[in-house]
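Hello,

Here is the structure I promised to pass on to you. Please open it next to this email, and then read on for what turned up in it.

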Amino acid sequence: MGKKHGSQRTAIIDIGSNSIRLVVYQGPVRVPAILFNEKVMAGLGKELSTTGAIGQEAMDLAVRGLQRFHRLCLEMEVDNIKSFATAAVRDASNGKALLKAARAIGYDVQVLQGEEEAELAALGVISGIPQARGIVGDLGGGSLELALIDDGEVLERFSFPLGVLRVADLRAKGQDKLKRQVRKMLKKTGWEKQAQGLPFYLVGGSWRSLARLDMFDSQYPLPVIHNYEMEPRRAQRLVSRLAQLNRDKLKNVPGLSSSRIPTLKDAAWLLSMLVRYLGSSRMVVSAYGVREGLLFQNISKQEAARDPLLLGTEDAGAAQSRFPANSKLLGKWISEIFSDDPAEWSRIRQAACNLGDVAWRANPNFRAERGLEIGLHGNWVGISGPEREMLGQALYTSFGGGTRVFPGGGKLADEAATQRAISWGLAMRLGQRLSGGTRNPLEQTHIRKIGKKLELTIRSDLIHLYGDAVAKRHGHLANMLGLEPLMTTD
């Protein structure tokens, strides 16, 4: 597999208590794209509570998985392999045996201590949800990490031997046993008052699987898990739902890994207790965790401060555009028309413009659908569900979807936001037709609102660019904004 010049690939091997995962990243260091992702459900921590050791079957499965992953990294021409292990290897009496086997394969495994794991999970959340403020909970197979975050900083962090594989043993002794353990654990944090009313951020495969079930139950219109929000009462609701559902019914939940089903009830019980005792205002799911925190930890403060949504869409747009420099310029060209947009809308508008040429290769009859798919379901972070609908709607309109709401749209974004996104799409459509996707015409023309007119000013030597198709799109945008189109020259 050949690489483009200067394109670095980093692989992270995450040796967890429940699963071992390989993720290969490529792209901007702030928001690298996932090139490959695979896990092995080795269950290293499954026998810890009874034997204190990693079982032989789990050990063998782990070694085979690590051998496969290392070979894949070689085939993918990975530049840098980072590997770390968490609670199971940290606590098991034979954890060193697995580390020795990993070294023989070619890994230099870092064994994370509990608070290090909590720190990295929290940094992962900050990386993917820059405005996050609250408690981060990372539920693994062998341990639970908690961290308090605010203003991009990790303030406090704790680690407890209460992973999802250990919850079952406590529950088997009665729910009161688990309740006492959770209360004792939270008392150590000293957060009884400090945490009240703060969001609780969910990290880890078991909790993400619970969110998948909640999305299915609530008929959430997007399949994207990152930044999905739930009210605290939904945690107890999930406990009740799981008591009613058998394995076959759970297998029908979209996106729910069958390998996670055995741990769902235990994960739900623990979550319901945590959010109740912490007094959480809401639960927010993060697709980013320890792996992304490890990447985020190693970048400069300047790079860390960059908006992940704008950076990600800019990179994706440049890779798929006919004339890469134009997409970013398009945002500047239409910005004056929408100068009254609030800041949170302005960044979504710019993200749409960054992606303003991504569907040109599609069949003309399906460009609107291609743009919608990229905006709505793209692997973006730093964006909420309603904002995804705005992004998808702008691209849908820009690529020919007209002024109608995209099929199935308008369920998360309100009417005002949806109509604004349609206006962005019409403005982008005008700019793309005027310029042919090139840079110079956008630099030499100017569009603005003057009174009841939408004035498009064109340099006199470029007047022939204002053809019938451009005039038509100018009129569509003006009409959407309740204005009259006006073309002038300078």
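This is a predicted model: local features need pLDDT of at least 70, side-chain atom pairs count only at pLDDT 80 or more; totals for chains, interfaces and linings use all residues.

Residues are numbered from 1 along each chain as its sequence is written, and side-chain values use heavy atoms, with hydrogens and water left out.

**The whole chain**

The protein has 21 helices and 14 strands. Here helices (H or I, at least four residues) and strands (E, at least two) are DSSP runs, numbered from the N terminus. The radius of gyration is 25 Å, close to the 23 Å that the globule rule gives for 490 residues, so the protein is as compact as a globular protein of that length. That radius is taken over C-alpha atoms, and the rule is 2.2 Å times the number of residues to the power 0.38. Along its principal axes, the C-alpha trace spans about 80 × 50 × 40 Å.

Of the 490 residues, 54% are buried. Buried means under 20% relative accessible area, exposed means over 50%, and partly exposed is in between (1.4 Å probe, protein chains only). The protein exposes about 21700 Å², and carbon and sulfur atoms supply 48% of that area. Accessible areas come from the Shrake-Rupley method with a 1.4 Å probe; for residues, only the protein chains shown count as cover.

Among the contacts with a separation of 6 or more, 70% come from residues 24 or more positions apart. Contact means heavy atoms within 4.5 Å.

Two strands count as paired if DSSP finds at least two bridges between them. As background, strands of a sheet pair through backbone hydrogen bonds, either parallel or antiparallel.

Glutamate 229 has valine 284 of strand 11 as its bridge partner.

**Arginine 282**

Arginine 282 sits in the loop between helix 11 (264-278) and strand 11. It is partly exposed, at 31% relative accessibility. Leaving aside neighbours within four places in sequence, arginine 282 is in contact with residues including Phe200, Glu229 and Met230. Arginine 282 and lysine 328 are 46 residues apart in sequence, and their C-alpha atoms are 35 Å apart in space.

Is valine 23 buried or exposed? It is buried, with a relative accessible area of 1%. Valine 23 lies in strand 2 (residues 20-26). Beyond its neighbours within four places in sequence, valine 23 is in contact with Thr10, Ala11, Ile12, Ile34, Phe36, Asn37 and Arg291. Isoleucine 34 is 11 residues away from valine 23 along the chain, with 6.8 Å between their C-alpha atoms.

In helix 17 (residues 367-377), the buried residues include Ala368, Gly371 and Leu372. Helix 14 (308-320) and helix 18 (385-401) are among the elements that cover the buried residues of helix 17.

**Two backbone angles**

Most residues other than glycine have a negative phi. Glutamate 77 has a positive phi of about 55° although it is not a glycine. Glutamate 77 is in the loop between helix 2 (56-75) and strand 4 (80-85), and it is partly exposed at 38% relative accessibility. Aspartate 151 likewise has a positive phi of about 55°. Its place is in the loop between strand 7 and strand 8, and at 69% relative accessibility aspartate 151 is exposed.

Best wishes
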